[in-house]
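Please read them with the structure open.

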Amino acid sequence: MGEYIEKFKDADHFPHERDMRQLAVFEWAKEAFTSAATTPNERAARFLEEALELAQAQGIAQSYVEALTKHVYSKPIGEVKQEVGGCGVTLLAYCESVGVSADDEEYEEVKRVIAIDPSYFRKRHNIKAAAGVAVKVDE
């Protein structure tokens with residue numbers, strides 16, 4: 001286990017220590033997904049997957065997602081840093097609208113995933129790779 005994962009596992013909730021969580025998650029991702037974890041396009045694809053799963057859970061129709069995708073891709077390409085900020089701001093507003101703490105849910109999810117054997121995630125990831133929607137990783 002990496003240094004930050006160990007610190008995170010042994011810590012109480014750090015609501016203002018998001019950078020530490022980010023480092024712990026990246027260490028976990030490198031352990032679970034090897035080189036795919038450090039590929040920005042693969043990380044962005046996995047983020048998109050999670051955003052789509054949230055939209056699906058909220059009841060957003062696939063046809064709306066397809067129309068929105070066409071709309072977004074018809075516009076000029078944005079700057080990565082600004083788009084990251086936009087994702088964060090949008091998630092915060094969404095969470096408030098449904099009455100959940102983004103910080104608490106993120107914290108709990110980090111605790112959950114780092115407690116699971118990384119081989120579980122490699123197997124799940126390679127199922128996606130076989131479907132053509134992820135980069136294959138060594139199991």
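**Notes on the predicted model**

1. The protein has seven helices and zero strands, where helices (H or I, at least four residues) and strands (E, at least two) are DSSP runs numbered from the N terminus. From the N terminus on, the order of the elements is accordingly written α-α-α-α-α-α-α. The model is predicted, and local features need pLDDT of at least 70, side-chain atom pairs count only at pLDDT 80 or more, and totals for chains, interfaces and linings use all residues. Residues are numbered from 1 along each chain as its sequence is written, and side-chain values use heavy atoms, with hydrogens and water left out.

2. On overall dimensions, the C-alpha trace spans about 45 × 35 × 30 Å along its principal axes. Of the 139 residues in the protein, 24% are buried, taking buried as under 20% relative accessible area, exposed as over 50% and partly exposed as in between, with a 1.4 Å probe and protein chains only. Among contacts (heavy atoms within 4.5 Å) with a separation of 6 or more, 57% are between residues 24 or more positions apart.

3. The largest nonpolar core has 13 residues, and those with the most contacts inside it are W28, F33, I114 and F121. Such a core is a set of buried Ala, Val, Leu, Ile, Met, Phe, Trp, Tyr and Cys residues joined through side-chain atoms within 4.5 Å. Two or more residues of this core come from each of α2 (18–33) and α6 (102–114), and α2 gives the most, with five residues. As general background, nonpolar side chains tend to be buried together in soluble globular proteins.

4. Helix α2 deserves a paragraph of its own. With 16 residues, α2 reaches 21 Å from its first C-alpha to its last, close to the 22 Å expected at 1.5 Å a residue, the expected span being 1.5 Å times one less than the number of residues. The buried residues in α2 are M20, R21, A24, E27, W28, A29, A32 and F33.

5. The packing of α2 against helix α7 (residues 118–130) has an angle of about 65°, with the axes 8 Å apart; axes are lines fitted to C-alpha atoms, for helices over the stretch in contact, and angles run from 0 to 180 degrees between N-to-C directions. The α2 and α7 crossing is right-handed, a crossing being right-handed if the near helix is turned clockwise from the far one by less than a right angle, and left-handed if anticlockwise. Here W28, E31, A32 and F33 in α2 meet P118, F121, R122 and H125 in α7. The residues of this contact divide into five nonpolar, one polar and two charged, counting Ala, Val, Leu, Ile, Met, Phe, Trp, Tyr, Cys and Pro as nonpolar, Asp, Glu, Lys and Arg as charged, and the others, Gly among them, as polar.

6. Which residue follows α2, with a positive phi? T34 follows α2, and T34 has a positive phi of about 50° although it is not a glycine. T34 lies in the loop between α2 and α3 (40–58), and T34 is partly exposed, with a relative accessible area of 32%.

7. Two further residues of α2 may be checked in the viewer. R18, in helix α2, is partly exposed with a relative accessible area of 48%, and the C-alpha atoms of R18 and V135, 117 residues apart along the chain, are separated by 27 Å. D19, also found in helix α2, is exposed at 59% relative accessible area, and its C-alpha atom is separated by 17 Å from that of V89, 70 residues apart along the chain.
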